[in-house]
Amino acid sequence: VAGVFTLDRNLNAFGSCFNITASNVELNCAGFYVNYSISSLGYGVNVSNAANVTIRNCFIGQNSTIVENSFGILFRNATNVTILNNTIETRSANAHVIRFLPSTGNNLTSIINNTIKATGGNVMYGILMQNSAHNYVYNNTVKVNASGPVGIVIGHDSGNEVAFNNTVLNNTVIITGSATTPIGISVGADSNRIENNTIKMF
């Protein structure tokens with residue numbers, strides 16, 4: 001159902017909290033906390049086959065560490081999505097914070113002024129963009145603390161995804177953990193703009 005949806009309380013979900021499958025939707029958490037994937041696989045927000053979606057003013061967190069592969073925000077064939085002024089955190093293994101699912105078209109997404117945190121687990125990504133184009137990642141703070149930490153990825157490493165005309169600008173990426181080869185920003189595709197980002201490793 002299209003419309004503007006504003007939270008008036010904190011939410012807890014055993015699996016996924018929000019599944020957005022309609023276009024022209026705005027989710028405004030108004031500063032309230034969304035705790036997802038408490039005991040089963042799920043996502044904070046799952047945007048599937050939708051266009052013109054805005055997610056703003058949310059605290060999205062996976063407090064549980066036992067459920068793997070539970071992403072904060074997942075995109076499947078999503079177009080013209082805005083992720084604005086949120087704090088998003090994952091804590092379990094392979095639970096990437098913002099995930100563009102491969103083999104689907106995810107285009108024209110703006111990720112602006114967010115705090116993105118991935119803690120624990122082995123391979124953890126702050127933002128993983130696969131098969132996506134014309135996306136804008138601006139002025140975010142991305143923190144990853146894991147044994148295989150990666151801040152922002154465009155194209156990943158399989159060589160089969162198409163990722164082009166994406167802009168990653170003015171972000172701060174902070175990487176900590178035990179990895180011998182930590183990665184701040186990885187680009188495995190052509191025709192993308194990566195500019196004026198700060199990468200810190202500890």
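Predicted model: local features only at pLDDT ≥ 70, side-chain atom pairs only at ≥ 80, totals over all residues.
## Ile116, a residue with no exposed area

Let's start with Ile116, which is buried because its relative accessible area is 0%. Buried here means under 20% relative accessible area, exposed means over 50%, and partly exposed is in between (1.4 Å probe, protein chains only). Ile116 sits in strand β13. Strands (E, at least two residues) and helices (H or I, at least four) are DSSP runs, numbered from the N terminus.

What does Ile116 touch, leaving aside residues up to four places away in sequence? Its partners are Ile88, Val97, Ile98, Ile111, Gly126, Ile127, Asn140, Thr141, Val142 and Lys143. A contact means heavy atoms within 4.5 Å. Take Thr141: it is 25 residues from Ile116 in sequence, yet the two C-alpha atoms are 6.1 Å apart in space.

## Where these values come from

Residues are numbered from 1 along each chain as its sequence is written, and side-chain values use heavy atoms, with hydrogens and water left out.

## The whole protein

Now zoom out. The protein has 23 strands and 0 helices. Its C-alpha trace spans about 40 × 35 × 25 Å along the principal axes. The radius of gyration is 15 Å, which agrees with the value near 17 Å that a compact globule of 202 residues would have. That radius is taken over C-alpha atoms, and the globule rule is 2.2 Å times the number of residues to the power 0.38.

Of the 202 residues, 48% count as buried. If you look at contacts between residues at least 6 apart in sequence, 80% of them join residues at least 24 apart. The accessible surface comes to about 8,400 Å², and 47% of that belongs to carbon and sulfur atoms. Accessible areas come from the Shrake-Rupley method with a 1.4 Å probe, and for residues, only the protein chains shown count as cover.

As for charge, there are 9 positive and 8 negative side chains, and the centres of the two sets lie 8 Å apart. Lys and Arg count as positive, Asp and Glu as negative, while His and the chain ends are not counted. Each charge is placed at NZ of Lys, CZ of Arg, CG of Asp or CD of Glu.

## The disulfide

How many disulfides are there? The count comes to 1, where a disulfide is a pair of cysteine sulfur atoms within 2.5 Å. The bond joins Cys29 to Cys58, with an S to S distance of 2.1 Å. This pair links distant parts of the chain, 29 residues apart: Cys29 is in the loop between β4 (25-28) and β5 (33-35), and Cys58 is in the loop between β6 (45-56) and β7 (59-61). The torsion about the S-S bond is about 75 degrees, so the disulfide is right-handed.

Both Cys29 and Cys58 are buried.

Thr115 counts as partly exposed because its relative accessibility is 26%. Beyond residues up to four places away in sequence, Thr115 touches Asn86, Thr87, Ile88 and Thr141. Met129 is 14 residues along the chain from Thr115, and their C-alpha atoms are separated by 17 Å.

Glu89 belongs to strand β9 (residues 87-90). Is Glu89 buried or exposed? At 16% relative accessibility, Glu89 counts as buried. With residues up to four places away in sequence left out, Glu89 touches Tyr36, Ile60, Gly61, Gln62, Lys117 and Thr119.

Ser40 is in the loop between β5 and β6, and its 32% relative accessibility makes Ser40 partly exposed. Its contacts, not counting residues up to four places away in sequence, are Phe14, Gly15, Val67 and Ser70. Ser40 and Cys58 are 18 residues apart in sequence, with 21 Å between their C-alpha atoms.

Asn52 has a phi near 60 degrees, a positive value in a residue other than glycine. Asn52 lies in strand β6 and, at 35% relative accessibility, counts as partly exposed. Asn94 also has a positive phi, about 60 degrees, although it is not a glycine. You'll find Asn94 in the loop between β9 and β10 (98-100).
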